[in-house]
Amino acid sequence: MASVDTSELRALEAELEQIPAEKLPQFKAVVVKGAVNVKTGMRADAAGGQSYRHFPRSIDFDVIDGGLGAEIGPDKGRVQGALGNLLYFGTSRTGGVLDINGPLNREAPRFEDALADVAEDIL
(Lines give C-alpha, C1' and ligand atoms only; values in the text may rest on other atoms or scores of the structure.)
Protein backbone atom coordinates (compact mmCIF):
# COMPACT_ATOMS: atom_id res chain seq x y z
CA MET A 1 0.00 0.00 0.00
CA ALA A 2 1.36 3.43 -0.95
CA SER A 3 1.59 6.21 1.60
CA VAL A 4 1.09 9.90 0.95
CA ASP A 5 2.84 12.70 2.84
CA THR A 6 0.11 15.13 3.87
CA SER A 7 2.20 17.21 6.27
CA GLU A 8 2.12 20.30 4.03
CA LEU A 9 -1.63 19.96 3.67
CA ARG A 10 -2.04 19.77 7.44
CA ALA A 11 0.18 22.86 7.83
CA LEU A 12 -1.92 24.78 5.31
CA GLU A 13 -5.11 23.69 7.05
CA ALA A 14 -3.73 24.98 10.36
CA GLU A 15 -2.87 28.31 8.76
CA LEU A 16 -6.32 28.64 7.19
CA GLU A 17 -7.94 28.01 10.55
CA GLN A 18 -6.11 31.07 11.87
CA ILE A 19 -7.61 33.43 9.26
CA PRO A 20 -9.73 36.01 11.08
CA ALA A 21 -13.42 35.43 10.40
CA GLU A 22 -13.88 38.95 9.02
CA LYS A 23 -11.27 38.23 6.30
CA LEU A 24 -12.85 34.99 5.05
CA PRO A 25 -15.38 36.74 2.77
CA GLN A 26 -12.54 38.65 1.12
CA PHE A 27 -10.54 35.45 0.51
CA LYS A 28 -13.66 33.75 -0.85
CA ALA A 29 -14.30 36.69 -3.20
CA VAL A 30 -10.74 36.38 -4.56
CA VAL A 31 -11.29 32.67 -5.20
CA VAL A 32 -14.58 33.30 -7.03
CA LYS A 33 -13.07 36.10 -9.13
CA GLY A 34 -10.11 33.89 -10.04
CA ALA A 35 -12.44 31.01 -10.95
CA VAL A 36 -14.55 33.29 -13.15
CA ASN A 37 -11.42 34.54 -14.92
CA VAL A 38 -10.12 31.00 -15.54
CA LYS A 39 -13.55 29.87 -16.76
CA THR A 40 -13.74 32.84 -19.12
CA GLY A 41 -10.25 32.08 -20.42
CA MET A 42 -11.08 28.42 -20.99
CA ARG A 43 -14.26 29.38 -22.84
CA ALA A 44 -12.37 31.88 -25.00
CA ASP A 45 -9.67 29.31 -25.82
CA ALA A 46 -12.33 26.78 -26.83
CA ALA A 47 -14.36 29.20 -28.97
CA GLY A 48 -14.31 28.82 -32.73
CA GLY A 49 -14.04 25.05 -32.99
CA GLN A 50 -16.30 23.95 -35.84
CA SER A 51 -16.79 20.42 -34.55
CA TYR A 52 -17.26 21.48 -30.92
CA ARG A 53 -19.01 24.84 -31.17
CA HIS A 54 -21.24 24.17 -28.12
CA PHE A 55 -18.37 22.96 -25.94
CA PRO A 56 -17.36 26.38 -24.52
CA ARG A 57 -20.78 26.73 -22.84
CA SER A 58 -20.16 23.48 -20.95
CA ILE A 59 -17.25 25.07 -19.06
CA ASP A 60 -18.19 26.28 -15.60
CA PHE A 61 -16.93 26.13 -12.02
CA ASP A 62 -18.01 24.95 -8.59
CA VAL A 63 -16.81 26.55 -5.37
CA ILE A 64 -15.45 23.95 -2.95
CA ASP A 65 -13.71 23.78 0.43
CA GLY A 66 -16.05 26.23 2.08
CA GLY A 67 -15.42 28.85 -0.60
CA LEU A 68 -11.63 28.65 -0.48
CA GLY A 69 -11.28 26.52 -3.62
CA ALA A 70 -12.84 25.98 -7.03
CA GLU A 71 -13.13 23.19 -9.59
CA ILE A 72 -13.17 24.58 -13.11
CA GLY A 73 -13.81 22.72 -16.34
CA PRO A 74 -16.37 21.20 -18.66
CA ASP A 75 -19.54 19.77 -17.16
CA LYS A 76 -20.17 16.38 -18.75
CA GLY A 77 -23.90 16.87 -18.18
CA ARG A 78 -24.03 19.82 -20.57
CA VAL A 79 -24.09 19.77 -24.36
CA GLN A 80 -20.70 18.58 -25.65
CA GLY A 81 -19.24 18.71 -22.13
CA ALA A 82 -18.12 15.10 -22.42
CA LEU A 83 -15.74 16.15 -25.20
CA GLY A 84 -13.49 17.72 -22.56
CA ASN A 85 -11.27 14.67 -22.14
CA LEU A 86 -10.68 14.42 -25.88
CA LEU A 87 -10.14 18.13 -26.43
CA TYR A 88 -7.77 18.61 -23.50
CA PHE A 89 -6.00 15.26 -23.28
CA GLY A 90 -6.48 13.66 -26.70
CA THR A 91 -6.66 9.95 -27.40
CA SER A 92 -4.13 7.14 -27.63
CA ARG A 93 -3.45 8.26 -31.20
CA THR A 94 -3.74 12.04 -31.03
CA GLY A 95 -2.90 14.79 -28.62
CA GLY A 96 -5.33 17.30 -27.21
CA VAL A 97 -6.21 20.42 -29.17
CA LEU A 98 -6.81 22.73 -26.19
CA ASP A 99 -4.44 23.74 -23.39
CA ILE A 100 -6.12 23.07 -20.04
CA ASN A 101 -3.40 24.90 -18.10
CA GLY A 102 -3.14 28.05 -20.23
CA PRO A 103 -5.98 30.04 -18.64
CA LEU A 104 -4.88 29.00 -15.15
CA ASN A 105 -1.29 30.03 -15.83
CA ARG A 106 -2.43 33.40 -17.15
CA GLU A 107 -4.63 34.01 -14.09
CA ALA A 108 -2.12 32.83 -11.46
CA PRO A 109 -0.17 36.12 -11.08
CA ARG A 110 -3.38 38.17 -10.67
CA PHE A 111 -4.77 35.62 -8.21
CA GLU A 112 -1.59 35.60 -6.16
CA ASP A 113 -1.50 39.42 -6.06
CA ALA A 114 -5.13 39.58 -4.95
CA LEU A 115 -4.52 37.00 -2.20
CA ALA A 116 -1.45 38.93 -1.07
CA ASP A 117 -3.48 42.15 -0.88
CA VAL A 118 -6.05 40.50 1.39
CA ALA A 119 -3.41 38.72 3.49
CA GLU A 120 -1.36 41.90 3.92
CA ASP A 121 -3.64 43.11 6.70
CA ILE A 122 -3.29 39.82 8.57
CA LEU A 123 0.48 39.68 8.47
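The model is predicted: local features need pLDDT of at least 70, side-chain atom pairs count only at pLDDT 80 or more, and totals for chains, interfaces and linings use all residues. Residues are numbered from 1 along each chain as its sequence is written, and side-chain values use heavy atoms, with hydrogens and water left out.

**Nonpolar core**
- The largest nonpolar core has nine residues: Val38, Met42, Ala46, Tyr52, Phe55, Ile59, Leu87, Tyr88 and Leu98.
- Such a core is a set of buried Ala, Val, Leu, Ile, Met, Phe, Trp, Tyr and Cys residues joined through side-chain atoms within 4.5 Å.
- Buried means under 20% relative accessible area (1.4 Å probe, protein chains only).
- Helix 2 (24-46) and helix 3 (84-89) each give two or more residues to this core; helix 2 gives the most, three.
- Helices here are DSSP runs of H or I, at least four residues, numbered from the N terminus.

**Methionine 42**
- Beyond its neighbours within four places in sequence, Met42 is in contact (heavy atoms within 4.5 Å) with Ile59, Ile72, Gly73, Tyr88, Ile100 and Pro103.

**Aromatic pairs**
- There are two aromatic pairs, with ring centres of Phe, Tyr or Trp (its six-membered ring) within 6.5 Å.
- Tyr52 and Phe55 have ring centres 6.4 Å apart and planes at 85°, so they are edge-to-face (over 60 degrees; under 30 is stacked, the rest tilted).
- Ring pairs link Tyr52, Phe55 and Tyr88 into a cluster.
- Tyr52 is buried at 15% relative accessible area, and Phe55 is buried at 0%.

Definitions and conventions. Buried means under 20% relative accessible area, exposed over 50%, partly exposed in between (1.4 Å probe, protein chains only).
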